Amino acid sequence: MAREGESRSFRRKFCKLCFDKVDRIDYKDDRRLTRFITDRGKIVPRRISGTCARHQAQITEAVKRARILALLPFTSEQYR
Amino acid sequence: MKTYETTIIFDPGLEEARINEEVDRVSQSIGQAGGEVIEVQRWGKRKLAYNIRKRRDGTYIHIKHKSPPELIAEMDRRFRLNESVLRHLTVLAQKETPVAAEEPGKGAEAAVAPAEAASVGPKE
């Protein structure tokens with residue numbers, strides 16, 4: 001019964017931002033945005049975070065703006 | 001005229017009076033161009049995520065304003081020339097829908113919506 005093991009580990013990803021009913025993501029909200037970047041400062045891909053296309057597009061835009069304003073890093077300190 | 005949000009990062013070594021002077025100058029140029037300053041936010045001194053011109057901190061000023069589009073290019077030029085500005089960014093302000101959601105008439109709709117989101121959310 002290998003199938004049982006499969007179904008136990010399977011869990012559908014869902015967009016946390018949709019779940020929280022987030023309408024718009026602000027580039028000034030760096031605390032929220034840090035959840036969507038890796039420790040290297042990369043933007044977390046959709047396949048990992050499970051965010052929907054609409055919110056992922058908003059995150060991307062917001063992170064890029066926040067980087068310009070040095071609210072978020074382009075890359076983390078130790079890899080520079 | 002469009003509504004913009006301009007964030008300016010000033011050199012942390014600048015005194016408060018100098019920053020006020022700079023902010024006044026920006027506000028004046030907006031006024032002269034027929035625009036309007038809606039809000040000035042002072043975020044104060046913040047740590048930068050990475051060093052800019054060897055500075056670790058910066059003094060953030062956030063201005064929301066209505067301006068003619070031509071002024072944005074001129075503002076950009078001035079910030080570039082200004083040595084005390086470490087970084088600046090002007091973006092179009094987003095329309096404020098959250099305010100409309102708080103209207104009492106829409107309260108009933110809002111109450112139904114979260115329940116739908118809970119059932120729809122995990123499927124997406």
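**Overall architecture of chain B**

Along its sequence, chain B follows the pattern β-α-β-β-α-β-α-α. The secondary structure comprises four helices and four strands, where helices (H or I, at least four residues) and strands (E, at least two) are DSSP runs numbered from the N terminus. This is a predicted model, in which local features need pLDDT of at least 70 and side-chain atom pairs count only at pLDDT 80 or more, whereas totals for chains, interfaces and linings use all residues. Residues are numbered from 1 along each chain as its sequence is written, and chains are lettered from A and ligands numbered from 1 in the order in which they are written.

Of the 124 residues in chain B, 17% are buried; a residue is buried if 20 or more other C-beta atoms lie within 10 Å of its own, exposed if 12 or fewer, and partly exposed in between, with C-beta atoms placed from the backbone. Among the contacts in chain B with a separation of 6 or more, 74% are between residues 24 or more positions apart. Two residues are in contact if their C-beta atoms, placed from the backbone, lie within 7 Å.

**Strand S1 and its partners**

Strand S1 of chain B (residues 2–10) is mostly covered, with seven of its nine residues buried. Two strands pair if DSSP finds at least two bridges between them. S1(B) runs antiparallel to strand S3 (residues 55–67) of chain B, to which nine bridges join it. Within S3(B), Ile63(B) is the bridge partner of Thr6(B).

Strand S4 (residues 85–92) of chain B also pairs with S1(B), in the antiparallel sense and over seven bridges. Here Phe10(B) stands opposite Val85(B) of S4(B).

**Surroundings of Val23(B)**

Val23(B) belongs to helix H1 (residues 16–32) of chain B. Because 17 other C-beta atoms lie within 10 Å, Val23(B) is partly exposed. Leaving aside neighbours within four places in sequence, Val23(B) is in contact with Val40(B) and Ile61(B). His62(B) is 39 residues from Val23(B) in sequence, and their C-alpha atoms are 9.8 Å apart in space.

**Contact with chain A**

The contact between the chains takes 18 residues from chain B and 17 residues from chain A. On the side of chain B that touches chain A, S1, strand S2 (36–52), S4 and helix H4 (107–120) each supply at least two residues. S2(B) gives the most, with four residues.

By class, this side of chain B has 11 nonpolar, five polar and two charged residues. Ala, Val, Leu, Ile, Met, Phe, Trp, Tyr, Cys and Pro count as nonpolar, Asp, Glu, Lys and Arg as charged, and the others, Gly among them, as polar.
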